[in-house]
Amino acid sequence: MGSGSYKVFPYSLELLKNGNLAVTAGVFEDVTWKGRTGGIQYSYSGTLGTTMNVIVFILNGRTFEIEWLDYLGPTTSTSEEVNFAPVREMSNGDILVYTNVNGTQGTPISGKANTDAFLVARYNQKGNRIWHTYLDLPVNSFLLNKFALVVDKNDQIHLFFIHNTNSSNTPDSTGFIEFPSTKVASDGTNVGQREIGWAILNSDGTPISQTYLPSINSIEISTAELGPNHNILIGGSAQDNFNGFPGHPLPSYSRIVLANLSINNHSIQNVTYLGNSSTSFNLGDINTLTGGADGIFASGNSAGGFGIPIHDYQFFPTGNYRNHIFLKFDWNGNLIWNQFVGSTNTNVLEFFPKITYIPFFDEFRGNILSPLDGTRFTGLDDLSYGNGINELQDVTFRLRGSDGRIKSVYYETNVSVSPPPNVLVDYNVQYLNVCNGRIVKLIRYLNYPAEEGIMEVSTRPGFEEP
């Protein structure tokens, strides 16, 4: 999808109960689908090549044809963050999309008060928009690129965002102005402090309640998943403790955080912070969560080793230290295992691994690009195979779900020449098991080193997967 003349940012990929796929993306043109342009209800608006619009579309899981596509409006942010426009399914098959826009469409439940506002839209499977609503926070009081969305078993809609105390150290008890005041105000004691907000909508789009999850210093959410016990797991990055939940290994330094939230109490139940206490390391973030049979899997990036991994942290002593990391937690948020993927020869990319879980094999699978210098990840030679060459190779990991032991690491060539002068480079934005090892990938292609390109959704038979 896309002409190749402009940027395109793939975001979310959700497998629906009927086997179809819901996809969101950011586009800078009126894209062509089924031989037509324009959305089923709204079309691209703004300046071609400059204004980003968020789109949502349904892909038939059997034919891989687009059944319908719609535009949610223009945005101020041109974020490449994959969680910029999360999409989820409701119990009756309707889908929900959550993002941030600066335009206005149709007749919403609540109108926009500010230029930039959060948008929640509900569609049925035929592409009819059941309702949409705009939700406002004070101008410049939130991050424009990190949101999370969860729909619980009662079809209540859980919206997460990051409040940003830009110019004052005043706690916020207002939150979304369309909601009642927050049950708990933000801490807000430091200028620039970032704290997580959590708001709940009814299935008809009307507000229920909202709260902050106050923290001593900045904590950011990157991803969220529904648990089986009326709970939600949220992952991200913490520079300090949540109020009332100590355990951060080194306050003021960024470390991995996973929090277990109670839906019934609209509050935190427990928190796990991960990382070491060395001031040499200042990076830790969970970017993706995916549910397993007996717990939840995660991926992210981390500086410095910790835990009792089978595959140790690979230390490269120059620059911004970083390893990719795979993790598993129980449904209460307690760590079961963690494994590192890195290099002693060079720093790994800032990209986050994409992950999925295959219950049929109890197999956790990850995908990432190899280091930029063309070398392979270190410490895994006995498990590595494939004929991949050059930099930015496509690397697939298979891990045993029970303990995280890596079973294989497969390298495939991504760019045919080195260094790559003006070639098409691709990387997976989402990576999703849809049927016993058949993977659907949401891919971004770049005319490297330029930013223009296309997006693709692809699949192949499970036995052809590396």
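## A five-stranded sheet

Five strands form an open sheet in the order β21-β22-β24-β25-β23, and their pairing is mixed. The edges are held by β21 and β23 (384-385), each of which has a single partner strand, so one side of each has no neighbour in the sheet. The model described here is a predicted one.

In general, strands of a sheet pair through backbone hydrogen bonds, in either a parallel or an antiparallel sense. For β21 and β22 the sense is antiparallel, and the pair is joined over five bridges.

## The largest pocket

Rolling a probe the size of a water molecule over the atoms shows where empty space is left. The largest pocket holds about 1,000 Å³ of space. It is lined by 41 residues, of which L13, E14, R88, E225 and L432 are the closest to its centre. Two or more lining residues come from each of β1 (8-15), β5 (87-89), β9 (148-151), β13 (219-226), β17 (284-291), β21 (354-358) and β26.

By class, the lining of the largest pocket comprises 20 nonpolar, 12 polar and nine charged residues.

## The second largest pocket

The second largest pocket contains about 720 Å³ of space. Its lining is made up of 31 residues, and those closest to the centre are E80, E350, F351, F352 and Y427. At least two lining residues are supplied by each of β1, β17, β22 (363-369), β26 and β27. Which strand gives the most to the lining of the second largest pocket? The strand is β26, with four residues.

The lining of the second largest pocket divides into 17 nonpolar, five polar and nine charged residues.

## A buried residue in a loop: N414

N414 is located in the loop between β25 (406-412) and β26 (423-435). Is N414 buried or exposed? N414 counts as buried because its relative accessible area is 12%, which falls under the 20% limit for that class.

A polar atom of the N414 side chain lies 3.0 Å from the backbone oxygen of L392. L392 is also among the contacts of N414 once neighbours within four places in sequence are set aside; the others are L369, Q393, D394, L424, V425 and D426.

## A buried residue in a strand: L327

L327 belongs to strand β19 (residues 323-329). With a relative accessible area of 0%, L327 is buried. Residues up to four places away in sequence aside, L327 touches L274, I286, I296, F297, A298, S299, L335, W337 and N338.

P309 is 18 residues from L327 along the chain, and the C-alpha atoms of the two are separated by 9.7 Å.

## Positive phi in two loop residues

K34 is a residue other than glycine with a positive phi, near 50 degrees. Its place is the loop between β2 (21-27) and β3 (52-59). K34 is classed as exposed because its relative accessibility is 57%, and the class requires over 50%.

N436, likewise not a glycine, has a positive phi near 50 degrees. N436 is found in the loop between β26 and β27 (438-448). What is the relative accessible area of N436? The value is 46%, so N436 is partly exposed.

Terms used
Residues numbered from 1 in each chain as written. Predicted model: local features only at pLDDT ≥ 70, side-chain atom pairs only at ≥ 80, totals over all residues. Heavy atoms only, no water. Buried < 20%, exposed > 50% of the residue type's maximum accessible area, 1.4 Å probe, protein only. Polar contact = N/O pair within 3.5 Å; in protein donor to acceptor, adjacent residues only side chain to side chain. Contact = heavy atoms within 4.5 Å. 1 Å grid on protein atoms, 1.4 Å probe; cavity = no way out; pocket = protein on both sides within 12 Å on 5 of 7 lines; lining within 4 Å. Points joined across faces, edges and corners; volume = space filled by probe spheres on them. Nonpolar A, V, L, I, M, F, W, Y, C, P; charged D, E, K, R; others polar. Pairing = 2+ DSSP bridges.
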